[in-house]
Amino acid sequence: MSDSYRLEKDSMGEVQVPQDALYGAQTQRAVNNFPISGAPISRSLIRALGQVKFAAAKVNVGMGHIPEDVASAIQATAQEIIAGKLDRHFPIDIYQTGSGTSSNMNTNEVVAHRAMERQPELSVQVHPNDHVNMGQSTNDTFPTAIHVAVGMTIAEELIPALQKFAATLRSKSEQWDQLIKIGRTHLMDATPLRLGQEFGGFARQIELSIERAQAAQTAILELPVGGTAVGSGINTHPEFGSRVSACLAEQTKIAFIEAVDHFEANAQRDGLVQCHGGLKTIASTLFNVANNIRWLGSGPRCGFGEI
């Protein structure tokens, strides 16, 4: 074996892992098994997995299920993941096992390994399953992370961008309110209107898109965490899901809650489908506004050339 690799063991045997990797055998097996696109999971999803592990450790230590020093080490490492400091240790292809087990175990291994690296004097050795993944299953943890990633991206990126765009369009509609121009239906001359009125229509489209983005976020507020493998909550505390959801809501400033029915939350991704539908509507609106502005600015000599 090369000096650049080390041997890791799991229930399936030994596997070579890069010497400087924070992950272990299960991650390496996934890397070997899914060499498909070369694209890893997104930064937003890695961050969300870190947030879930942080919240789980906070809840587990509060319930007395893991030692305080272990929880502290897990949370410190989770913060590094949230901050983007450990992204290179998440190499698994985005096309992987259907439930996301590979990426969940990747996270567990990175957290456990890095926690021991940070604090080697811990009372017990941090274990990926027994400590980092305590009270969780990939079947509830991974979709929870997806909901968190989507919710935060909508809150931090989409809505602020739409608000800025709407304000700009509204400002232009006021600035150009006295400019008379020809209207068009299907690119044919129609009755006159003011350029400000036209841009006011664009502004309203984006204002409605903000409401649709907020509705899309609402669709993914229920979190599957606490349902474990199939929704029954086996092997976890009855309050684990509600407490982790509350912790994630506190972290993200988004009103996440525990799923009303964990069997629905584990088995279906209807909330994400609904969210996606709202985002597709917003995309269609943006395309429409951009295309109208493109037409109005066409030219400079043989197009409309109005703006």
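E198 and K181 are both buried, and that pair is where I'd like to start. This is a predicted model, so please keep that in mind throughout.

The two residues form a salt bridge, with 3.0 Å between the closest N and O atoms. E198 sits in helix α7 and K181 in strand β3, so this bridge ties together parts that lie 17 residues apart in sequence.

Helix α7 comes up again in another pair. R170 makes a salt bridge with E207, and here the closest N and O atoms are 3.1 Å apart. R170 is in helix α6, residues 138–175, while E207 is in helix α7, residues 195–218; the pair links distant parts of the chain, 37 residues apart. What about exposure? R170 is partly exposed, at 28% relative accessible area, and E207 is partly exposed too, at 23%.

R6 and E8 form a salt bridge whose closest N and O atoms are 2.8 Å apart. Is R6 buried or exposed? R6 is buried, because its relative accessible area is 11% and the cut-off for buried is under 20%. E8, at 21%, counts as partly exposed.

How many salt bridges does the structure hold? The count is 17. Some of them join up: E80, R114, E117 and R118 are linked in a network of salt bridges.

Now the cysteines. The structure holds 0 disulfides. A disulfide is a covalent bond between the sulfur atoms of two cysteines. I'll mention two cysteines by name. C275 has 2% relative accessibility and so counts as buried, whereas C302 has 82% and so counts as exposed.

A negative patch is formed by E222, D261, E264 and D270. Of these residues, D261 lies in the loop between β6, residues 257–258, and α9, residues 262–267. D261 has a relative accessible area of 37%, which makes it partly exposed.

The other patch is nonpolar. I36, I94 and Y95 make this one, and its area is about 330 Å². Where is I94? I94 is in the loop between α3, residues 68–82, and α4, residues 101–118. Its relative accessible area is 46%, so I94 is partly exposed.

Last topic: backbone geometry. Most residues other than glycine have a negative phi, and most peptide bonds are trans.

L187 is not a glycine, yet has a positive phi of about 70°. L187 lies in the loop between β3, residues 180–185, and β4, residues 188–194. With 45% relative accessibility, L187 counts as partly exposed.

K253 also has a positive phi, near 65°, and is likewise a residue other than glycine. K253 is in the loop between α8, residues 240–252, and β6. K253 counts as exposed because its relative accessibility is 71%, and the exposed class begins over 50%.

Then there is the peptide bond between G299 and P300. Which form does that bond take? The bond is cis, with omega at about 15°. P300 is in the segment after α10, residues 270–296.

To go back to the opening pair: E198 and K181 are the buried salt bridge, running between helix α7 and strand β3. That's what I have for today.

Note on methods
Residues are numbered from 1 along each chain as its sequence is written. This is a predicted model: local features need pLDDT of at least 70, side-chain atom pairs count only at pLDDT 80 or more; totals for chains, interfaces and linings use all residues. Side-chain values use heavy atoms; hydrogens and water are left out. Patches are made of residues with over 30% relative accessible area and no salt bridge: like charges are joined within 9 Å, nonpolar side chains (Val, Leu, Ile, Met, Phe, Trp, Tyr) within 5 Å. Accessible areas come from the Shrake-Rupley method with a 1.4 Å probe; for residues, only the protein chains shown count as cover. A salt bridge is a side-chain nitrogen of Lys or Arg within 4 Å of a carboxyl oxygen of Asp or Glu. Lys and Arg count as positive and Asp and Glu as negative; His and the chain ends are not counted. The place of a charge is taken as NZ of Lys, CZ of Arg, CG of Asp or CD of Glu. Helices (H or I, at least four residues) and strands (E, at least two) are DSSP runs, numbered from the N terminus. Buried means under 20% relative accessible area, exposed over 50%, partly exposed in between (1.4 Å probe, protein chains only). A disulfide is a pair of cysteine sulfur atoms within 2.5 Å.
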